[in-house]
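Dear colleague,

Please find the structure below, with its sequence.

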Amino acid sequence: MSPGLDQVRRVSPDAALQALLSGTGAAVGPEFFRKLVRQLAEVFRVTSAVVGERKPGKDSLHPLAVWSQGDFREEQPLVLIGTAFERVLTQGVFHCQEALDARFPEDGWLRRLGPSGFLGMVLRSSRGEVLGALALVHDAPLEVGPPDLALLGAFASRLVAELERLQAQAGMEQARDFLRKVLNSIQDPLFVKDRAHRWIVANDAFCRFMNHREEELLGRSDYDFVPSQEADVFWRHDELVFGSGQPNENEESITDSAGLTHTLVTKKAVFTDTDGQPYLVAVIRDITEYTRLETQLRLADRMAAVGTMASGIAHEINNPMAYVSANLSFLREQLSQEDVTELDLVELREVVAEAIEGAGRVRSIVEDLKGFTRSDEKRFGPVELPQVIDGAQRLVRHQLQTRARLVHALEPVPPVFGNAARLGQVLVNLLVNAVQSFSVRDPERNLIRISSRTNGAAQVVVEVEDNGRGMEPEVLKRLFSPFFTTKPVGEGTGLGLAISHAIIESMGGQIEVRSTPGRGSTFRLVLPVFSEGVPPVGQGA
């Protein structure tokens with residue numbers, strides 16, 4: 001009878017396990033597998049030891065480590081069909097005492113190892129999945145007893161643990177790589193900050209935006225790259241999200257390395273990891289060019305409105321200028337007389353007063369135009385609504401006089417948050433649209449009503465109402481769409497109401513409309529009351 005393994009190895013199971021732990025404890029990956037097969041061969045005193053991995057969906061065994069005749073060997077993947085390892089994977093444990101090469105002549109690994117006896121054990125995960133196989137190969141017949149299987153099982157368990165660790169690590173690396181590719185496919189800059197406001201994730205778009213490599217950004221904060229006053233703003237906005245736990249969207253400015261200022265819209269949200277640590281994720285959109293074009297469009301719309309009102313404005317200026325000119329001519333003639341009586345002086349004083357009044361009217365119109373066309377659009381603050389309404393109606397007064405009658409229902413209201421020029425643009429648009437809603441000139445029947453009132457403590461409502469021709473439901477649906485107009489070609493850009501909608505939203509307000517065909521329309525502005533230090537929700541200035 002050939003000697004059994006327990007005679008061949010000549011060591012106790014306890015000593016073998018101790019050798020396993022001490023010899024492979026610090027090793028991982030390829031180094032671990034090489035050390036383990038060598039220890040297997042030494043503990044069991046066999047000529048060869050093999051560990052192979054079966055990849056999911058593959059009908060082959062990939063060598064992780066092969067020890068034979070006192071040295072490591074390189075082997076190619078083994079096709080399993082017709083091999084001893086196929087038996088191991090299907091049976092769990094396969095033992096062939098001798099003449100193994102005769103039973104499996106197509107087994108390339110065994111043919112090169114030159115074995116006689118064989119003992120193999122399947123490597124199965126904690127979920128029951130086949131991970132690979134472990135085998136002892138000897139150049140003499142082998143007998144197997146229960147202690148041998150138990151000891152081999154201990155080696156197999158240690159192998160399974162390492163294979164599962166490597167699989168988990170590979171899965172994490174694949175997930176990390178997948179996430180990295182997803183983040184880098186996003187064209188908008190994106191980053192993640194820890195609770196200390198340090199970047200821990202930055203996609204390629206953010207690195208390009210900051211003009212720094214990822215390794216230069218990670219672990220650092222805004223204070224390392226932008227002016228401190230800008231970093232202070234970012235910090236406060238971040239803290240608002242960290243503290244409230246609520247998503248936030250705001251407009252910010254940042255100065256790049258070339259000294260150029262960019263306008264950003266940043267969306268931020270907070271999430272926590274499995275340990276309860278909070279992190280902030282943010283997506284940035286650079287709207288600098290969009291803001292520039294939007295400003296140009298608003299100014300273009302104002303100029304178009306001025307063009308529409310040009311004849312009326314000219315009339316408003318010509319009237320006072322006419323009598324200013326006439327009065328000054330009369331004054332010059334009278335002053336050229338040698339004898340000016342006291343009665344003449346009284347009349348001359350009246351002439352001068354009329355000229356001053358006329359010049360004042362011209363100055364008011366010019367001031368209204370300057371306020372209407374001014375470009376300080378980023379300056380938001382308290383706006384006195386009565387003054388804005390006054391200026392808007394003066395600009396369209398001539399058109400109103402010839403086509404409709406304007407009535408007021410203005411209640412005292414507190415200052416609203418916004419920009420006077422922008423709000424004036426909206427009111428001029430609404431008044432001009434109201435005037436143009438009348439198909440005939442009939443100031444006695446055509447009525448435009450402008451009203452203001454408070455809506456609770458936090459809002460002011462302004463309404464511009466007309467009894468014109470009204471609008472059909474299909475028109476109402478598209479009313480605030482850019483370039484949509486019901487006017488003939490050449491008489492409207494289709495931008496006025498779209499821009500008005502954007503202006504009111506930028507102030508944290510709302511614009512609404514209701515209309516009935518044949519009965520008229522009402523435009524309703526809901527504006528936030530100005531509160532020191534508290535910008536309205538949605539304000540995008």
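**Nonpolar cores**

Leu385, Leu423, Leu427, Ile448, Val464, Leu525 and Leu527 touch the most other members of the largest nonpolar core, which has 41 residues. Such a core is a set of buried Ala, Val, Leu, Ile, Met, Phe, Trp, Tyr and Cys residues joined through side-chain atoms within 4.5 Å; buried means under 20% relative accessible area, exposed over 50%, and partly exposed in between (1.4 Å probe, protein chains only). The elements giving two or more residues to this core include helix H15 (420–436) and strand S19 (520–528), and H15 supplies the largest share, nine residues. Helices (H or I, at least four residues) and strands (E, at least two) are DSSP runs, numbered from the N terminus. Another core, of 27 residues, lies apart from it and includes Ala41 and Leu134.

The model is predicted: local features need pLDDT of at least 70 and side-chain atom pairs count only at pLDDT 80 or more, while totals for chains, interfaces and linings use all residues. Residues are numbered from 1 along each chain as its sequence is written, and side-chain values use heavy atoms, leaving out hydrogens and water.

**Salt bridges**

The whole structure holds 26 salt bridges (a side-chain nitrogen of Lys or Arg within 4 Å of a carboxyl oxygen of Asp or Glu). Lys193 and Asp238 form one of them, at 2.7 Å from N to O. Lys193 lies in strand S8 and Asp238 in helix H10, so the pair ties together parts 45 residues apart in sequence. Lys193 is buried at 1% relative accessible area, and Asp238 is buried at 0%. Salt bridges with shared partners join Lys193, Asp222, Asp238, Glu252 and Lys268 into one network.

With kind regards
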